[in-house]
Amino acid sequence: MNLLLWLLQSYVVYLGGQHDEKLEHQLVADSHHELLGSILGSKEAAKEAIFYSYTRCMNGFAASLEEEHAHALRELPQVLSVFVNRGRTRHTTSSWGFLGLDEDEGGQSETEVVSPPSLWRKSDFGKKVIVANLDTGVWPESESFDDTGMEPVPSRWKGICQTGTNFTAANCNRKLIGARYFIKGYEAVNGPLNISGTGEFLSPRDKDGHGTHTLSTAGGNFVKKASITGYAEGIAKGGAPHARVAAYKVCWPPKSNGGECYDADILAAFDAGVHDGVDVFTVSIGSGPPLSDYFQDGLAIGAFHAVHRGKVVVCSAGNDGPTPGTVANVAPWIITVGASSINRQFPSSAILGNNKTITGESISEYQLPKKKMYPLVSSSDVKAPNQNKTAGQLCFLGSLDPRKVKGKIVACLRGINARVEKGEAVRMAGGLGMILCNAPVNANEVAADSHVLPATQLNAIDGAEVFDYINSTVSPVAYISPARTELHAKPAPVMTAFSSQGPNSLTPDILKPDITAPGLNILAAYSMAASPTGLSFDRRHVPFNVVSGTSMSCPHVAGIAALLKGAYPHWSPAAIKSAIMTTAERMDDTYKPIKNALLQRAGPFNYGAGHVNPNVAGNPGLVYDLSVKDYYRFFCSLNYNSTQIKKITGTAFSCPARQPKIHDLNYPSITVSQLQGSVTVKRRVKNVAEGPTIYKAKVRYPPGVLVSVEPKHLEFSKKGEEKSFRMTLRAMKSSSGNYVFGSLTWKHAHYSVTSPIVVKTVTVNGL
């Protein structure tokens with residue numbers, strides 16, 4: 001690329017879908033040169049400006065342009081949208097036992113114990129499915145990608161093993177069957193990659209660890225005795241452990257603008273992945289509100305064209321919780337995943353001088369020199385003379401006074417800087433240990449971190465108790481017990497505070513997130529070029545790491561989607577989503593409603609349909625399926641016209657005279673964000689069970705809303721048969737500007753097919 005071009009703004013020019021798979025790449029690319037050349041004045045100038053041509057499943061290009069040229073392109077009738085090449089961020093395991101796929105819930109045994117109803121059995125562990133991630137690449141030497149005993153690479157695979165820095169074709173095998181990297185969009189904004197300054201690999205190799213973690217969570221092979229510094233030891237495995245996997249590296253070292261993973265590169269990866277033969281994409285990246293229109297959003301566009309070709313796309317909901325309305329990746333063709341806890345903890349206690357023992361969590365490999373009490377101080381009381389109180393309270397690097405810290409345990413407040421960095425600040429000042437106390441916004445969400453000194457993290461209430469003890473005691477003392485691994489913790493799951501929440505800020509009548517899955521303290525493979533904390537002062541390297549985020553919950557659901565694809569290869573992406581959502585669990589392991597991080601009752605804006613239940617998802621009874629025409633009508637409801645829809649889909653379609661309603665999209669959840677008196681919502685379900693079946697409607701009313709369903713019974717005579725029903729919602733009481741929640745369950749002796757009902761009343765019926 002001409003180095004002067006990165007001084008220009010880079011844009012994505014979206015022309016719609018690519019509907020003729022037989023067209024040669026160069027012919028389509030030439031049409032892009034002609035189109036842009038008509039604006040720039042020459043085909044040669046267009047060739048210089050364009051750095052990607054999307055020619056496989058979508059039609060468009062990415063180019064470095066002046067704003068006036070971007071504006072001129074927007075005016076052309078063949079152009080659907082032109083948008084800035086935006087940067088996104090990453091949304092940064094005994095979890096499979098917790099989900100019921102294996103019976104050795106703690107992962108402690110030497111052999112995997114697979115339960116008879118396990119979806120693993122039904123899908124042959126995902127053997128015939130290809131899973132890919134769009135992320136930071138892959139560490140190919142990880143045991144999670146070992147191919148021992150695997151059959152030859154499927155003949156349908158068209159992908160490559162792209163070579164580059166420290167990466168050759170030999171790094172791929174029968175497990176890791178493909179790897180590519182995409183950086184032109186990143187460099188168009190930031191200039192050439194600073195390899196010497198970042199240590200990054202100009203190849204599919206993972207410098208960060210995030211991509212290796214997510215890919216191995218979705219499809220990593222069985223690895224015995226996996227752990228991080230002895231914690232969480234057991235058999236590591238992905239959701240679809242015998243699936244083939246591929247890595248599409250689209251994320252690079254973040255710049256000052258925060259961008260890591262750029263739209264132009266994301267689109268190029270989707271375009272290649274669909275062509276290569278990927279079945280399931282797991283994408284743990286995104287950007288929070290304000291959200292762009294679906295066809296001004298590179299991730300949504302790429303995902304749509306993948307789903308249009310029968311691929312499943314799973315994305316993280318984001319880590320901007322607990323603020324309402326922060327959920328990302330909200331397109332209805334995407335499976336959007338929130339994050340919750342599992343029933344494994346890493347307890348480490350703070351024992352105070354008042355004989356109070358408070359249990360937190362840690363995976364620190366370090367212990368205090370002796371089992372005795374040590375002086376305890378609050379970080380705000382030991383700040384360095386040149387630092388303000390906030391810097392000291394939050395334990396910023398260099399904020400603590402060594403004369404006041406040496407030989408002591410320091411209590412720090414969580415917030416702003418990295419949790420492990422706070423411990424480094426204490427260590428640098430001569431402190432012996434750290435008690436990390438949650439701020440109120442973090443509530444009960446406690447992450448187990450690989451600290452650089454003896455440390456434990458406490459929830460907000462317990463943390464406040466530590467500070468109260470310090471402030472009320474002349475010579476406070478404490479001890480931090482070594483961490484350990486504890487299984488069968490209750491309650492679980494609990495929603496994490498960081499998990500982004502609904503309502504959907506772009507299309508409120510589509511509930512997001514769709515589902516929740518394990519995303520707190522997840523063990524999976526990692527890059528040996530990265531430290532477990534990712535912080536510059538941390539020189540440790542681990543083959544497996546414990547990480548938290550919706551980035552971790554997303555590949556859990558992608559792995560389950562791969563199992564469903566393996567068990568039911570002819571199911572559509574929508575049917576797979578429906579099976580996952582309508583079988584979800586809304587109770588924790590104490591048989592009480594799932595709670596949020598404040599230990600209050602959670603709801604659909606936290607977890608969508610509920611917590612994923614893979615074995616039940618493998619036998620859902622009914623599914624809410626979506627045809628391509630359902631999406632066409634959805635586009636009509638968003639005011640796209642027939643010409644635009646044809647460009648997107650390649651099919652002529654006339655929008656109905658009466659504009660379709662968004663809430664009538666055949667989605668597995670039912671949301672009415674502006675209920676004015678009453679409304680009737682339409683749905684249809686397909687029988688995927690064997691033999692004749694009869695279902696009865698059971699409704700849990702949202703408070704203040706009457707719900708009626710017609711017909712009240714659905715009778716199916718054979719597998720594959722579809723039936724429609726209508727649900728009428730009548731507002732009997734104002735919801736005072738708030739949403740209220742209920743559910744519809746189609747009940748059968750062997751199946752419960754449940755959809756959340758989400759309503760906000762604007763006008764009471766008859767008023």
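Biologist: What pLDDT does the chain average?

Modeller: The model is predicted, and the chain averages a pLDDT of 93, with 96% of the residues scoring at least 70.

Biologist: Where is the pLDDT below 50?

Modeller: That applies over residues 105–111. In the model this stretch has 20 contacts beyond near neighbours in sequence.

Biologist: Turning to the open sheet, in what order do the seven strands come, and is the pairing parallel or antiparallel?

Modeller: The order is S7-S10-S6-S12-S14-S15-S25, and the pairing is parallel.

Biologist: Which strands stand at the edges?

Modeller: Strand S7 (176–181) and strand S25 (515–518) do. Each has a single partner strand, so one side of each is left without a neighbour in the sheet. From one strand to the next, the twist averages 25°.

Biologist: How many bridges join S15 to S25?

Modeller: Four bridges join strand S15, residues 335–340, to S25. Ser340, for instance, has Pro518 in S25 as its bridge partner.

Biologist: What about S8 and S9: do they run parallel or antiparallel?

Modeller: Strand S8 (residues 223–228) and strand S9 (residues 231–236) run antiparallel and are joined by three bridges. Ala226 has Gly234 in S9 as its bridge partner.

Biologist: Which residue in that hairpin takes a positive phi?

Modeller: Thr229 does, with a phi near 45°. The hairpin has two residues between the strands.

Biologist: Now the helices. How many residues of H8 are buried?

Modeller: Ten of the ten residues of helix H8 (residues 210–219) are buried, so the helix is largely enclosed by the rest of the structure. Among them are His210, His213, Leu215 and Gly219.

Biologist: And where is Asp462 placed?

Modeller: Asp462 is in helix H14, which covers residues 460–471. Leaving aside residues up to four places away in sequence, Asp462 touches Ile358 and Thr359.

Biologist: Which side chain of opposite charge is nearest to Asp462?

Modeller: It is Lys356, 6.0 Å away. Asp462 is buried yet has no salt bridge.

Biologist: How many salt bridges does the structure hold?

Modeller: There are 30 salt bridges in the structure. One of them is between the side chains of Lys512 and Asp514, at 2.7 Å from N to O.

Biologist: Are Lys512 and Asp514 buried or exposed?

Modeller: Lys512 counts as buried because its relative accessibility is 0%. Asp514 is also buried, with a relative accessible area of 0%.

Biologist: Which side chain does Arg684 meet in a salt bridge?

Modeller: Arg684 meets Asp630, with an N to O distance of 2.5 Å. The pair links distant parts of the chain, with Arg684 in strand S30 (residues 678–687) and Asp630 in helix H19 (residues 628–637), 54 residues apart. Arg684 is partly exposed at 21% relative accessible area, whereas Asp630 counts as buried at 7% relative accessibility.

Biologist: With which residue does Glu690 form a salt bridge?

Modeller: Its partner is Lys719, and the closest N and O atoms are 3.0 Å apart. Glu690 lies in the loop between S30 and strand S31 (693–700), and Lys719 in the loop between strand S33 (713–716) and strand S34 (722–731), so the pair ties together parts that are 29 residues apart in sequence. Glu690 is exposed, with a relative accessible area of 60%, while Lys719 counts as partly exposed at 45% relative accessibility.

Biologist: Which residues do salt bridges that share partners join into one network?

Modeller: That network consists of Asp630, Arg633, Arg684 and Glu722.

Definitions and conventions
Residues are numbered from 1 along each chain as its sequence is written. This is a predicted model: local features need pLDDT of at least 70, side-chain atom pairs count only at pLDDT 80 or more; totals for chains, interfaces and linings use all residues. Side-chain values use heavy atoms; hydrogens and water are left out. Buried means under 20% relative accessible area, exposed over 50%, partly exposed in between (1.4 Å probe, protein chains only). Lys and Arg count as positive and Asp and Glu as negative; His and the chain ends are not counted. A salt bridge is a side-chain nitrogen of Lys or Arg within 4 Å of a carboxyl oxygen of Asp or Glu. Contact means heavy atoms within 4.5 Å. pLDDT is the predictor's confidence in each residue, from 0 to 100. Two strands pair if DSSP finds at least two bridges between them. Axes are lines fitted to C-alpha atoms, for helices over the stretch in contact, and angles run from 0 to 180 degrees between N-to-C directions.
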